[in-house]
Amino acid sequence: MLRNQKIICGLLGEHLTHSYSPQIHRELADYPYTLFEMPLEEVASFLASDRFDAINVTIPYKKTVMPYLEEISDEAVRIGSVNTLTRTKNGGLRGDNTDYFGFSYMLDKSGIDVCGKKVLILGSGGAQETARTVCTDRGASVIVISRRGENNYDNLEKHRDASVIINTTPVGMFPHNGSAPLALTEFPRLSGVLDMIYNPEKTKLLLDAERLGIPHLGGLSMLVAQAKLAAEIFTGQKIDNAEIDRIVKSITLEMNNIVLVGMAGCGKTTVGAALSALTGRELIDTDAMVKKTTGRTPAEIITANGEEAFRRIETACVTEAGKNSGKIIATGGGVPTRPENRDPLRQNARIVFLHREPGALDTSNRPLSQAAGAEALYQKRLPLYQAIADFTVDNNDTPEAVAKRILDHLNS
């Protein structure tokens with residue numbers, strides 16, 4: 001960690017509530033890092049103030065700040081936007097663009113080669129310009145897809161031969177999870193998909209790529225890499241690139257949900273409460289969400305209205321729960337049986353199959369287990385739990401001991 005407490009740093013943008021930048025810069029250095037969230041009409045007076053020594057700039061102000069600069073780096077000129085401001089010797093402002101380094105790092109990390117490939121870049125903002133500049137420098141043939149213009153979402157069939165797709169739009173970003181800007185199945189020659197969004201960790205676009213077996217990567221590595229270079233510019237001190245991977249791992253572990261799946265009565269809520277006590281994370285129970293939403297327990301809904309009615313309500317609750325970051329989510333036993341529940345859980349989580357033998361399951365007040373028999377239901381659902389989970393933990397000890405085993409596995 002760099003030590004430079006004398007400078008005041010931060011991030012300038014319009015909506016910054018869910019930014020990861022403060023956590024990342026705390027890992028990089030010990031300077032104060034403040035979120036400067038403001039509307040457009042306040043930006044000019046802020047830039048003229050002495051409220052900062054060095055700042056990052058994010059959407060929608062990467063171009064807005066450019067007329068106020070005394071100096072600008074050649075790379076920022078080429079890209080046409082700025083994301084890092086520092087003071088000049090004269091007290092003015094200098095603009096740099098560290099996104100070029102950040103996206104280059106992301107591209108290298110993904111293992112996706114764009115040289116000689118047809119690359120579709122989705123979006124027309126500053127992030128698009130960064131991706132276009134890097135890909136062009138690497139020998140790609142770049143097509144920019146926007147809502148209007150020669151190449152747009154209504155004539156994508158012209159580009160079915162694309163090899164790489166890069167999303168620079170906010171489509172699929174929290175809190176509007178679950179959307180994708182296009183269908184990857186329309187591009188049979190794809191060899192790579194990149195999405196600059198980092199919340200959720202896996203957008204629908206990336207989950208679709210995963211299902212199709214296409215190499216893919218989200219935007220967290222870019223975010224951390226550009227912050228690393230910005231910290232070097234802020235302080236004048238070099239940071240080892242190995243810090244990027246360390247911080248990506250740390251932030252991922254911190255921001256991912258821990259999702260518990262398993263049979264009804266296997267102890268998910270109890271172990272979830274123990275995990276909550278150990279970590280300080282909030283516990284979200286999807287069955288409790290159903291009761292809060294409807295005023296009835298899952299068992300009451302199933303008995304009165306049937307399983308199908310209950311599953312529709314449950315899916316709405318699972319979809320909302322899955323948008324969270326850094327939570328513990330205990331799910332109902334049948335959640336993985338519905339395909340529509342899987343992406344909401346997998347988008348931002350590590351999923352644990354909490355296993356308990358059928359004979360040890362608590363089936364009281366569980367009409368589905370009682371009707372089908374715990375053993376038969378277990379055999380039917382076991383492959384679904386195994387398919388969705390990242391790992392399995394046996395619930396054959398105290399809740400505290402099982403919770404500790406889960407955390408040990410995650411931290412390893």
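**Entry 1: two helix pairs**

I began with helix H4 (residues 99-110) and helix H5 (residues 126-137), which pack at an angle of about 60 degrees with their axes 9 Å apart. I noted that the model is a predicted one. I recorded the crossing of H4 and H5 as right-handed. I then listed the residues that make the contact: Asp99, Tyr100, Phe103, Ser104 and Leu107 from H4, and Thr130, Ala131, Thr133, Val134, Cys135 and Asp137 from H5.

I turned next to helix H1 (residues 21-28) and helix H7 (residues 220-235), whose axes lie 10 Å apart at an angle of about 55 degrees. That angle makes H1 oblique to H7. The crossing of H1 and H7 is right-handed. On the H1 side I found Ser21, Ile24, His25 and Leu28 in the contact; on the H7 side I found Leu223, Val224, Ala227, Lys228, Ala231 and Phe234.

**Entry 2: the five-stranded sheet**

In what order do the five strands of the open sheet stand? I read the order as E8-E7-E9-E10-E11, with parallel pairing. The edges are strand E8 (141-145) and strand E11 (216-217), each of which pairs on one side only. Helix H6 (residues 204-212) packs on this sheet and touches E9, E10 and E11. The direction of H6 makes about 160 degrees with that of E10.

I looked at one pairing in detail. Strand E9 (residues 164-167) and strand E10 (residues 192-195) are joined in the parallel sense over four bridges. Val164 has Gly192 in E10 as its bridge partner. As a reminder to myself, strands of a sheet pair through backbone hydrogen bonds, either parallel or antiparallel.

**Entry 3: strand E6 and its partners**

Strand E4 (residues 71-72) pairs with strand E6 (residues 93-96) in the parallel sense over two bridges. Strand E5 (residues 84-87) pairs with E6 in the antiparallel sense over four bridges. Which residue of E6 is the bridge partner of Ile72? I found Gly95, and Gly95 is also the partner of Leu85. The hairpin of E5 and E6 has five residues between the strands, and there Gly91 takes a positive phi near 90 degrees.

**Entry 4: the nonpolar cores**

I counted 36 residues in the largest nonpolar core. Ile258, Leu275, Ile351 and Ile406 touch the most other members. The elements that give two or more residues to this core include strand E12 (257-261), helix H9 (268-279), strand E15 (349-355) and helix H15 (374-388). H15 gives the most, with six residues.

Setting aside neighbours within four places in sequence, Ile258 is in contact with Leu275, Arg281, Lys327, Ile328, Ile329, Arg350, Val352, Ile406, Leu407 and Leu410. Apart from this core lies another, of 26 residues, among them Ile7, Val224, Ala225 and Met255. In soluble globular proteins, nonpolar side chains tend to be buried together.

Is Gln347 buried or exposed? Gln347 has a relative accessible area of 6%; it is therefore buried, the cut-off being under 20%. Gln347 lies in the loop between helix H13 (339-346) and E15. Not counting residues up to four places away in sequence, Gln347 touches Asn177, Pro200, Glu201, Lys202, Leu207, Gly322 and Lys323.

From that list I took up Glu201, which is found in the loop between E10 and H6. Glu201 is partly exposed, with a relative accessible area of 23%. Beyond four places in sequence, the residues that Glu201 touches are Leu206, Gly218, Thr252, Asn256, Gln347, Asn348, Ala349 and Arg350. I also checked Asp394, which is 193 residues from Glu201 along the chain; their C-alpha atoms are separated by 27 Å.

Lastly I examined Arg148, in the loop between E8 and E9. Arg148 counts as exposed because its relative accessibility is 65% and the cut-off is over 50%. Arg148 and Ser124 are 24 residues apart in sequence, and I noted a C-alpha to C-alpha distance of 9.7 Å.

Note on methods:
Residues numbered from 1 in each chain as written. Predicted model: local features only at pLDDT ≥ 70, side-chain atom pairs only at ≥ 80, totals over all residues. Heavy atoms only, no water. Pairing = 2+ DSSP bridges. Contact = heavy atoms within 4.5 Å. Axes fitted to C-alpha atoms, helices over the stretch in contact; angles between N-to-C directions. Core = buried A, V, L, I, M, F, W, Y, C linked by side-chain atoms within 4.5 Å. Buried < 20%, exposed > 50% of the residue type's maximum accessible area, 1.4 Å probe, protein only. Left-handed = near helix turned anticlockwise from the far one by under 90°. Parallel < 35°, antiparallel > 145°, perpendicular 65-115°, else oblique.
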